[in-house]
Amino acid sequence: MLTIAITSGKGGVGKTTFAANLAAALQETGEQTTVFDADLQLANLDIVLGIAPTHNLQHVVSGEKTLREIATTGPGGLTAITGASAVPMLMRAGPKKLGLFMEQIAQLDAETDILVFDTAAGLDQRVMTFMKLAQEVIVVVSPDPTSITDAYATVKTLFRKDPGARVKVVFNMANPVEARRLFESFEKIVWSYLKKHVDFLGSVRHDMEAARATRKRQLFVVENPTCGAAQDIRAIAQEVRNWKDITMLRAG
Ligand SMILES: Nc1ncnc2c1ncn2[C@@H]1O[C@H](COP(=O)(O)OP(=O)(O)OP(=O)(O)O)[C@@H](O)[C@H]1O
Ligand SMILES: [Mg+2]
């Protein structure tokens with residue numbers, strides 16, 4: 001199972017939209033994909049997916065259900081594990097309960113090829129728990145200067161807490177030329193201050209069709225597959241799929 005965490009410096013840059021649509025695009029390529037709501041401030045993956053599961057992470061934390069039991073089928077056949085802000089409760093649960101929970105995540109391996117965590121902006125201790133489970137981290141950035149400076153702060157924290165982290169950057173609501181240019185200056189700053197590498201993963205254009213689908217609680221990759229943003233996400237999904245093959249090779 002390939003595990004990926006999606007995060008950002010600043011909130012509202014499109015993490016949940018990106019995570020959900022990327023998961024749908026990965027599912028479309030034939031990989032069984034699970035998207036997991038690890039946003040402790042504002043768990044809203046269920047809303048973005050347009051689903052209302054009867055059970056969620058809260059029931060796992062309370063011990064009523066297992067992770068597998070709350071997994072729900074969402075748009076395009078992806079699997080969703082939704083949160084309802086259960087994460088703070090989870091983090092207060094104590095090391096034993098937390099350990100059991102982490103074990104359940106590892107067990108998802110049996111039916112999941114790719115696991116995508118949608119996390120909150122800004123890496124606090126609780127978000128880091130999920131980051132450490134992820135083999136790859138995708139930092140979503142918008143072309144807004146404050147988003148970029150906040151992304152730098154996030155990357156710095158990430159490398160401090162996990163020096164071996166593998167970090168990829170996606171520019172959301174950006175055109176490809178602008179994204180490349182912004183990435184190059186971002187990468188230079190990261191290298192000169194932190195002596196670490198970050199990789200460019202791609203960009204997703206600002207797309208009114210995508211915004212419209214999101215307002216209707218639909219995934220544009222599924223409902224509006226030809227729109228520009230869907231094409232961009234699909235290109236990124238192809239790249240992510242390659243990581244999976246590389247991870248499998250490494251694991252032997
Ligand atoms: N490529 C895009 N084109 C147009 N609108 C977009 C695009 N990506 C995201 N949006 C819009 O941006 C808004 C914020 O998206 P989203 O909720 O996914 O952000 P977030 O980073 O998860 O926010 P939070 O930090 O609150 O969790 C939504 O209204 C969404 O429709
Ligand atoms: Mg979000």
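Mentor: The questions that follow concern a predicted model.

Trainee: Which helices give two or more residues to the shell around ligand 1?
Mentor: The shell around ligand 1 holds 20 residues, and the closest are Gly-11, Gly-14, Thr-16, Thr-17 and Thr-214. The elements that supply two or more residues to that shell are helix H1 (15-28) and helix H10 (208-215).

Trainee: How many residues of the shell around ligand 1 are nonpolar, polar and charged?
Mentor: The shell comprises 20 residues. By class, they divide into eight nonpolar, nine polar and three charged.

Trainee: How many of the 14 residues of H1 are buried?
Mentor: A residue counts as buried if 20 or more other C-beta atoms lie within 10 Å of its own. H1 is mostly covered, and its buried residues number 13 of 14.

Trainee: Which residue just after H1 takes a positive phi?
Mentor: Most residues other than glycine have a negative phi. The residue just after H1 is a glycine with a phi of about 100°, namely Gly-30.

Trainee: At what angle do H1 and helix H12 pack, and how far apart are their axes?
Mentor: Two packed helices are described by the angle between their axes and the distance between the axes. H12 covers residues 228-251, and its crossing with H1 is right-handed. The angle is about 65° and the axes are apart by 9 Å.

Trainee: Which residues of H12 make the contact with H1?
Mentor: By class, the contact of H1 with H12 has seven nonpolar, one polar and two charged residues. From H1 come Asn-21, Leu-22, Ala-25 and Leu-26. From H12 come Ile-233, Arg-234, Ile-236, Ala-237, Val-240 and Arg-241.

Trainee: Is Lys-195 buried or exposed?
Mentor: Lys-195 lies in the loop between helix H9 (176-194) and strand S8 (199-204). Its phi is near 55°, a positive value in a residue other than glycine. Because 8 other C-beta atoms lie within 10 Å of its own, Lys-195 is exposed.

Trainee: What is the phi of Arg-217?
Mentor: Arg-217 lies in the loop between H10 and helix H11 (220-223). With 14 C-beta neighbours inside 10 Å, Arg-217 counts as partly exposed. Its phi is positive although the residue is other than glycine, with a value near 60°.

Trainee: Which residues does Gly-74 touch, not counting residues up to four places away in sequence?
Mentor: Gly-74 lies in the loop between strand S3 (72-73) and strand S4 (79-81). It has 27 C-beta neighbours inside 10 Å and therefore counts as buried. The residues that Gly-74 touches are Leu-49, Ile-51, Thr-79 and Ala-80.

Trainee: How far apart in space are Ala-213 and Val-48, C-alpha to C-alpha?
Mentor: Ala-213 belongs to helix H10, and it is buried, with 23 other C-beta atoms within 10 Å. Leaving aside neighbours within four places in sequence, Ala-213 is in contact with Gln-218, Leu-219, Phe-220, Glu-223 and Asn-224. In sequence, Ala-213 and Val-48 are 165 residues apart, while in space the separation is 9.6 Å.

Trainee: With which residues is Ala-151 in contact, leaving aside its neighbours within four places in sequence?
Mentor: Ala-151 is found in helix H8 (residues 145-161). It counts as buried because it has 26 C-beta neighbours inside 10 Å. The contacts of Ala-151 are Ser-8, Gly-9, Val-139 and Val-141.

Note on methods: Residues numbered from 1 in each chain as written. Chains lettered and ligands numbered in written order. Predicted model: local features only at pLDDT ≥ 70, side-chain atom pairs only at ≥ 80, totals over all residues. Near = placed C-beta within 6 Å. Helix = DSSP H or I, 4+ residues; strand = E, 2+ residues; numbered from the N terminus. Nonpolar A, V, L, I, M, F, W, Y, C, P; charged D, E, K, R; others polar. Axes fitted to C-alpha atoms, helices over the stretch in contact; angles between N-to-C directions. Left-handed = near helix turned anticlockwise from the far one by under 90°. Contact = placed C-beta atoms within 7 Å. Buried ≥ 20, exposed ≤ 12 C-beta atoms within 10 Å, placed from the backbone.
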